[in-house]
2 protein chains.
Amino acid sequence: MTTLERACAYLREGDDFLILTHTSPDGDTLGSASALCRALRAMGKRANIACSDPIPQKYSFLVEPDLPEPFAYRRIVSVDVADVQLLGDALAGYGDRIELCIDHHPSNCIRADIRLLDTAAAAAAEVVYELIRALGVTPDRQMAIQIYTGISTDSGCFRFSNTTSRTHRIAAELFELGIDHTEIDRRMFETQSRGYVALEQQVLASIEYHFDGLCALVAVTREMLEQSGVSDSELDGIAQLPRQIEGVEVGATLKQKQDGEFRVSLRTNRWLNASEICERLGGGGHVRAAGCRIHGDLAGAKRQLLEAIGAELAKRERPAV
Amino acid sequence: MTTLERACAYLREGDDFLILTHTSPDGDTLGSASALCRALRAMGKRANIACSDPIPQKYSFLVEPDLPEPFAYRRIVSVDVADVQLLGDALAGYGDRIELCIDHHPSNCIRADIRLLDTAAAAAAEVVYELIRALGVTPDRQMAIQIYTGISTDSGCFRFSNTTSRTHRIAAELFELGIDHTEIDRRMFETQSRGYVALEQQVLASIEYHFDGLCALVAVTREMLEQSGVSDSELDGIAQLPRQIEGVEVGATLKQKQDGEFRVSLRTNRWLNASEICERLGGGGHVRAAGCRIHGDLAGAKRQLLEAIGAELAKRERPAV
């Protein structure tokens, strides 16, 4: 029996499900968990989803509300949760009770009877979609919206390198279920708060170019965050800005944390190794995206970072375009 | 015989093709024409593509160079050209010689023996892909790159409302041909010039909110363009900025032209009619995207525009969210 078949049998035979999502919930964990919850209810079962953190307004349209009558949870499923630490305080008690773990993170370390882990999937929503199909449930429009949101948010709307042929094939099937993808994409990707726009303006004004334009560097200080009212969690997009500039190979973003320390996000485009640069400063990560922390004031943090970048640049020849 | 079958017969029976693209060439006209050119050559035929304008550096990787030996063109095909006016000066002489016209624009008014026009296609590249398949040619990796670039640029990387189930299905097949979609998407969507980044910063600094935040307005003056060295043709993205801000229903961009006149780009999100606002000022367009021209200085142009927006706002009740 394949893992997919075992997962189907587990869901078909059981009842009274609780589906766990991760803290700082995103479109994939909420969309995937909600679609599975809806599919189980369509099979005549009782199911709820749960999250330790409040649901951001942006994602509220995804979430299946609890069933009106409370019931005791007998089957525990996690979706898009790579580690029990990511369940958060409110759900920590379920950490050793997960029976079915559905995920796509290579780093997944959750112990569960059934681990439906597909690291080639761009989103947990891809795995859940195939599970729903395997269960014999025909997805309704709301499930299609939930799955599409999970896929589009985790794949950067089909731009990230995790996007595969299967990702597009599932999107094609979801379109046939009648979703309004433009409205979802607008909510997920296009809408920015006024504070964020003001912050982006300040960040762009702070941009510096180094090493003949090979490096672009921006900084987000506590003062900028406080003036704009933008929270740390909204800053994900900022780290992409500097590397998108023509001629730039390495884009660096320094974000000042509440304790004054700077958190560095480094992105490279083609030939520099972001991880090796960050390792010089006690950090690490992937070849194209890495990070580290630097103590001190902004000028000192920039100097340390530029020294590390300069050292890696000196090690290798710049390739022909 | 269907139009597709007639187009196949025409291409199979003929030889010595010239494939015409439109002026201000984009990813779709160049990608589609080049893929078709490559497919015809794979069938053992002679074919070249042509454009009245120089090929922007950004798109140079798409273009099939002319065959080394010149030859007299006997069959004329147009791709993604809606009107003979769009052939430009250098190709105007071919305007009444087009035998096969391949396009997806509803406004297409080209006279040709065979009009392979599919207005449901997100890109001409979708039509060309199906044509290549119907010809029995298996697309190679370069053709897949050309078709994918046409589709992704014309569909806003699968975000625009023209994206359909078929768009995703074709993308899935192209992925299976081994393309590096992340490199294409990076070149097409992510790379911005330093001048553009500086201009964007100035534009964001100029943002004004009106009507309780329902309207966001930005201006691009000649001075800003000259300082940043950005050309008018790079400004397409700017018009999207104001409407992407939370709570904004109508986003307005005023661009000063060389004669001092302001060109207004208006975008609405859900319930205001952009075209009706612009019609008040002698312009027009679509429900969600429209434009007009206003003479006078910046302050006067803003005042006229805000009056027109205010008048339309007064006509209708703001819907519940």
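**How the two chains meet**

Author: Between chain A and chain B of this predicted model, 13 residue pairs are in polar contact, both residues of each pair being at pLDDT 80 or more. By class, the side of chain A that touches chain B has 14 nonpolar, 14 polar and 13 charged residues.

Reader: Which helix of chain A gives the most to the side that touches chain B?

Author: That is helix 5, with eight residues. Helix 5 (165-176), helix 6 (181-190) and helix 7 (194-205) of chain A each supply at least two residues of that side.

Reader: What makes A:Glu176 and B:Arg169 a salt bridge?

Author: The closest N and O atoms of A:Glu176 and B:Arg169 are 2.7 Å apart, and the rule asks for a side-chain nitrogen of Lys or Arg within 4 Å of a carboxyl oxygen of Asp or Glu, so the pair counts as a salt bridge. Across the interface of chain A and chain B, the rule finds two salt bridges.

Reader: How much area is buried between chain A and chain B?

Author: The buried area is about 3,800 Å², and carbon and sulfur atoms give 56% of it. Of the area that chain A buries against chain B, A:Arg159, A:His168 and A:Arg194 supply 20%, which is more than any other three residues.

Reader: How do you know what kind of axis relates chain A to chain B?

Author: Chain A is superposed on chain B by a rotation of 180° with 0.0 Å of shift along its axis, the RMSD being 0.3 Å. That is the relation of a two-fold axis.

**Two residues within the chains**

Reader: Why is A:Leu30 called buried?

Author: A residue is called buried when its relative accessible area is under 20%, and because A:Leu30 has 0% relative accessibility, A:Leu30 counts as buried. A:Leu30 lies in helix 2 (residues 27-42) of chain A, and, not counting residues up to four places away in sequence, A:Leu30 touches A:Thr21, A:Pro25, A:Ile55, A:Tyr59, A:Leu62 and A:Val63.

Reader: Is B:Ser275, in turn, buried or exposed?

Author: B:Ser275 has 8% relative accessibility, so B:Ser275 counts as buried. B:Ser275 is found in helix 9 (residues 274-279) of chain B, and, leaving aside neighbours within four places in sequence, B:Ser275 is in contact with B:Gly284, B:Gly285, B:His286, B:Val287 and B:Ala290.

Notes. Residues are numbered from 1 along each chain as its sequence is written. Chains are lettered from A and ligands numbered from 1 in the order in which they are written. This is a predicted model: local features need pLDDT of at least 70, side-chain atom pairs count only at pLDDT 80 or more; totals for chains, interfaces and linings use all residues. Side-chain values use heavy atoms; hydrogens and water are left out. Buried area is the accessible area (1.4 Å probe) that two parts lose on being put together, summed over both. A polar contact is a pair of N or O atoms within 3.5 Å; within protein, one must be able to donate a hydrogen and the other to accept it, and residues adjacent in sequence count only if both atoms are side-chain atoms. Helices (H or I, at least four residues) and strands (E, at least two) are DSSP runs, numbered from the N terminus. Ala, Val, Leu, Ile, Met, Phe, Trp, Tyr, Cys and Pro count as nonpolar, Asp, Glu, Lys and Arg as charged, and the others, Gly among them, as polar. Buried means under 20% relative accessible area, exposed over 50%, partly exposed in between (1.4 Å probe, protein chains only). Contact means heavy atoms within 4.5 Å. Copies are superposed by least squares on the C-alpha atoms of residues with pLDDT of at least 70 in both.
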